[in-house]
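Okay, everyone, thanks for coming. Let me put the model up on the screen, and then I'll talk you through a few parts of it.

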Amino acid sequence: MNKKYNTSGRLTSIKNQQKISLKDIPVLEYEVFYQEVVQILEDVNNHCLSYYAFPFDNKLKFICAISADEEKEILLLSHELEKPDLPLKSIAGQHLAMHIFEREIHENHGVPFEGHPWLKPVRYAFNRKDRKKMINNYPFYKIGGNELHEVGVGPIHAGVIEPGHFRFLCNGETVLHLEIQLGWQHRGVEALFLEKKKLLQRNLLAESIAGDTAIGHNLAFCQLAEALGDITVDKNLEIERVIALELERMAIHTGDLSAFCTDVAYQLGSAVFGALRTPLINFTQAWSGNRFGKGLIRVGGTNYPLTQELQQKLKGILNDFEKKFTEIAERTFNLPSVLKRFESIGAVSTRQVSLLGGVGMVAKMAGLKRDSRYGQPFGAYRDLKHEPVLLGSGDVYARGMVRKLEVEQSLVIIRNLMEKLNARVAPTQPVPAANLKWAGESIAVSVTEGWRGEVCHIAVTDKQGEISHYKVKDPSMHNWKSLELSLRDLEISDFPINNKSYDLSYCGHDL
Amino acid sequence: MIIEDVKIVINQGKQFIPDVTKAVVPAPFRGRPEIDPDLTVDVDALVNCCPVDAISANPISIDMGKCAFCGECALAFPDKIKFTNDHKIASNDRSKLIVKESDVHPITMNPDLIREEIRSFYGGSLKLRQISAAGDNSAELELGACGNVNFDMGRYGIEFVASPRHADGIVITGPISENMAEAVQICHEAVPQPRIVVLVGVDAISGGIFSGSKALDRSFIDKSFIDLYVPGNPPHPLTFINGILDLTRRKKNQ
């Protein structure tokens with residue numbers, strides 16, 4: 001139990017991947033809930049993992065999960081509403097980072113939050129409260145004046161990327177403000193977690209929340225299922241999962257660095273980083289049969305153990321990769337023509353990112369220590385004492401450099417874990433054949449650190465142990481606003497490199 | 001110094017696949033499945049093990065347009081079902097994606113369904129506008145990879161372009177959300193005729209794991225002529241490139 005926060009009996013604290021009875025979370029009066037959340041979030045080491053509401057016993061039940069990184073605890077608070085149309089005092093009025101969660105609750109359930117900056121729709125979910133609100137009629141920020149103009153881009157973009165709408169308010173070439181409207185990708189993922197009853201269907205769903213984070217999201221789901229089903233997994237499996245997660249990180253970071261180079265017209269970097277991603281994802285395919293690791297992570301075991309033969313292969317690939325990666329990375333990050341387009345472009349301050357509640361790469365590039373491998377260690381990370389890479393300049397350079405340094409860090413982690421794996425003789429456990437029995441009337445929280453940052457899944461079960469509510473949070477939820485701020489006072493032509501340097505998820509946000 | 005660039009280029013060596021039509025993807029890649037006709041299994045259990053209802057009974061068949069290529073049926077019934085590493089699984093004929101017991105032949109095009117103008121106009125050059133319509137970004141990344149230095153699709157004159165006005169057709173990924181349905185329609189109409197429609201990945205072809213979701217609007221698919229289906233979750237770049245080549249290039253024996 002958490003000494004620092006649990007003296008009042010106003011909250012419950014659990015560990016990552018832990019389940020508790022839903023009844024063990026005290027239900028507070030809203031005023032008390034509000035005060036408590038506001039106070040906890042005063043500490044920069046605490047941030048909101050997820051804050052959401054769902055129908056429960058003819059009421060609307062609110063759950064707020066806060067990560068206390070120093071204590072490695074998850075703080076759970078709750079309140080309930082019988083009449084969801086009565087206004088509540090907005091927490092975002094005190095802590096802006098909560099703005100997106102209150103917007104989502106407002107969109108889904110109609111709860112009005114007084115003092116919220118603007119309760120704009122988040123994603124136009126099919127089950128939104130007000131079906132009359134349509135995605136092609138979004139309330140954009142407006143600005144007056146004869147010399148100003150707007151530029152609208154999307155939802156379909158010029159490249160092979162996901163859809164979103166960008167609205168630039170410009171004075172000549174200078175962007176005064178960028179607003180990003182999302183929701184185009186909404187597939188009803190959370191509802192499908194209830195409708196699709198087979199475990200395997202839920203694995204496939206988790207792998208497709210954001211297909212570029214198939215390992216990160218599916219691992220979050222599996223750890224959640226294991227917590228609810230009281231399944232313990234062996235050390236081998238924990239190690240292999242982390243190797244898969246770090247390979248995913250390396251592959252996407254390397255591919256992203258290729259795109260950085262493309263957007264600043266550095267052709268050699270674009271080609272070489274692009275080619276370097278290939279052996280990494282081809283290894284994931286040799287391991288699991290799929291270049292994105294779809295099929296690799298399953299509840300309670302694996303169908304694809306990392307055999308001695310595969311480990312030898314991976315060692316060779318990593319050695320070759322390291323040599324070539326170092327060479328091109330050194331060149332790229334020392335080339336004046338590249339640096340001119342990286343440094344001081346699209347900078348956000350530590351304070352801005354902190355106010356917006358940035359997580360993962362977006363936090364780290366601005367010098368904010370948020371990485372769930374450190375704050376909510378899971379699986380093999382518990383023994384690794386992970387120290388996140390931190391930069392501070394908050395610009396395109398920092399977003400590129402954080403990737404370079406994380407790739408190097410992942411190399412160390414994977415090699416270190418392969419040595420541990422090698423020392424173990426027992427085979428990694430296979431996927432259990434038995435049906436999963438989940439605890440009834442419980443809640444569990446599972447957090448993993450995907451390559452973008454913190455992935456959080458929360459499930460609530462009913463009396464029969466069936467999922468009665470499922471909540472997914474992709475790190476992009478926190479981070480899109482930061483891209484908007486990066487564009488202020490830049491030339492509009494700097495948008496592509498900034499967008500690429502964030503590389504946020506549309507489908508992960510839209511669900 | 002330019003000498004450093006030269007060193008990097010030399011250390012990279014040749015990266016391109018010399019002939020993508022002959023390239024092999026090594027096992028355990030899950031490509032075209034094969035079903036053993038002689039082995040008797042619990043058919044209900046086999047049909048039920050599929051998370052996306054891609055397996056049918058009487059006769060036992062796997063619909064690659066619905067298959068998420070998770071491989072779980074082959075893990076549960078290893079002697080009955082095998083996924084080969086044959087990656088050439090695209091076809092212009094939806095029915096050719098259904099693999100029945102004892103089908104061990106490669107997946108082919110149906111020449112009768114290929115419009116004459118497609119081969120005469122686009123046999124040497126094809127510009128495509130990609131639309132991600134609630135795609136999960138894995139198929140999109142693989143389409144992006146088609147143009148990288150390894151697969152180098154551009155050598156065949158096949159490219160993704162920024163505007164539908166510059167395109168000869170659209171390539172759809174994702175199950176098509178209700179929120180993207182109108183944009184897909186508008187983009188398609190903006191492409192000059194003759195234009196082709198290509199569906200890439202299980203989500204686009206059948207909805208995949210999102211099938212049945214109330215957040216989708218697949219009416220565009222239902223009312224459109226589809227020129228090419230590219231199965232996979234996501235499809236391998238070689239599946240896409242070979243599919244496009246087979247659709248647009250006239251072979252000597254045809």
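Let's start with helix H4 of chain A: 10 of its 11 residues are buried, so it is largely enclosed by the rest of the structure. By buried I mean under 20% relative accessible area, with exposed being over 50% and partly exposed in between, using a 1.4 Å probe and protein chains only. Among the buried residues of H4(A) are Leu200(A), Arg202(A), Glu207(A) and Ile209(A). Helices here are DSSP runs of H or I with at least four residues, strands are runs of E with at least two, and the numbering goes from the N terminus.

Quick housekeeping. This is a predicted model, where local features need pLDDT of at least 70 and side-chain atom pairs count only at pLDDT 80 or more, while totals for chains, interfaces and linings use all residues. Residues are numbered from 1 along each chain as its sequence is written, chains are lettered from A and ligands numbered from 1 in the order in which they are written, and side-chain values use heavy atoms, leaving out hydrogens and water.

Now, the two chains together. How many residues does the contact take from chain A and from chain B? It takes 62 from chain A and 65 from chain B, where contact means heavy atoms within 4.5 Å. Between them, chain A and chain B bury about 5,000 Å², with 54% of that on carbon and sulfur atoms. Buried area, by the way, is the accessible area (1.4 Å probe) that two parts lose on being put together, summed over both.

Across that interface the rule finds seven salt bridges, meaning a side-chain nitrogen of Lys or Arg within 4 Å of a carboxyl oxygen of Asp or Glu. One to look at on the screen is Arg331(A) with Asp5(B), at 2.6 Å, N to O. There are also 31 residue pairs in polar contact between chain A and chain B, both residues at pLDDT 80 or more. That term is a pair of N or O atoms within 3.5 Å; within protein, one must be able to donate a hydrogen and the other to accept it, and residues adjacent in sequence count only if both atoms are side-chain atoms.

On the chain A side, H3 (189-195), H4 (199-209), H7 (267-288) and H8 (308-332) each supply at least two of the residues that touch chain B. The largest share, 11 residues, comes from H7(A).

Staying in chain A, here's Ser410(A), which sits in helix H13, residues 396-422. Ser410(A) is buried, at 1% relative accessible area. Leaving aside residues up to four places away in sequence, Ser410(A) touches Glu246(A), Arg249(A) and Met250(A). With Glu246(A), the side chain of Ser410(A) makes a polar contact of 2.7 Å.

Last stop, chain B, which is divided into domain 1 (33-100) and domain 2 (111-248); the bounds come from an automatic or database domain assignment. Their centres, taken over C-alpha atoms, are 24 Å apart. Domain 1 of chain B puts 17 residues into the contact and domain 2 of chain B puts in 20. Together these two domains bury about 1,400 Å², 65% of it on carbon and sulfur atoms. On the domain 1 side, His87(B), Ala90(B) and Asn92(B) lose the most area, together 38% of what that side buries. Between these two domains the rule finds zero salt bridges, but four residue pairs in polar contact, both residues at pLDDT 80 or more.
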